[in-house]
Amino acid sequence: MIGPKADGGHTLTARDYQVQQKVTTLGTIADHRIVQVLTTIHAGPRVATFGGPAVDCPPAQWKSLLVGVGANRYVEIYTLQSNWGLYKVGSAGIYGSGPDSILGTDDPDGGNGGGCSDGYWWFDKAGAHPVDFTKLEDAIRRAIPKQGTYTSGCGALHPAEAYLESGVQRLDAKCHACGGLGTVHARYRIQSGVAIPVSVRFEAETER
């Protein structure tokens, strides 16, 4: 038993759920096959908040990224389980070409804070390793005002263009949308799993 419906006469069981699964081979990096599994779970009507009428729940989604490590053997390097209907899970992707290709995934959290669940990996014979963004982050911190902060991932990072663009906000800002100082623009290249800064520019906010 999972939980009662609004009419109080039925309890949600496995029969009330429909599960769809999509398995996609994203590609191969350093001889490692990369597979994405997207699972979508549809539920029947559930109890509405504060005792309202029964409503159909938006589907929940689970996302897994698997890396081949041998004949018919995979390891999971990333998993995400979304809450019911808060946001739609997107597809991961392979960016770049050759030995400096990386795997990236970025899914918003559905709120207004600009948060997300993301991850970026490079590959060698041993398997997957997180991309090292330290050099890029150091270059950005040198370019922006000392009293400022920025978003290093989520929607600010564009791996397809090897580009980062983020608003810069005062460290002591009193709200999410205030204390803006300007925008930072940064381009980089991936070399042996490291994001090497190519150009970094801070554009100060023009006073109105």
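C116 is partly exposed, with a relative accessible area of 23%; buried means under 20% relative accessible area, exposed over 50%, and partly exposed in between, with a 1.4 Å probe and protein chains only. Colleagues, please note that this is a predicted model, in which local features need pLDDT of at least 70, side-chain atom pairs count only at pLDDT 80 or more, and totals for chains, interfaces and linings use all residues. Residues are numbered from 1 along each chain as its sequence is written, and side-chain values use heavy atoms, with hydrogens and water left out.

The protein chain has 17 strands and one helix. These are DSSP runs numbered from the N terminus: H or I of at least four residues for helices, E of at least two for strands. Of its 208 residues, 36% are buried.

I turn now to the cysteines. What does a search of the whole structure find? It finds two disulfides, each a pair of cysteine sulfur atoms within 2.5 Å. In general, a disulfide is a covalent bond between the sulfur atoms of two cysteines.

The link of C116 and C154 is left-handed, at -90° about the S-S bond. C116 belongs to strand 11 (residues 116-124) and C154 to the loop between strand 13 (148-150) and strand 14 (157-158), so the pair ties together parts 38 residues apart in sequence. C154 is buried, at 13% relative accessible area.

C175 and C178 also form a disulfide, S to S 2.3 Å. Both cysteines are partly exposed: C175 has a relative accessible area of 38%, and C178 has 26%.
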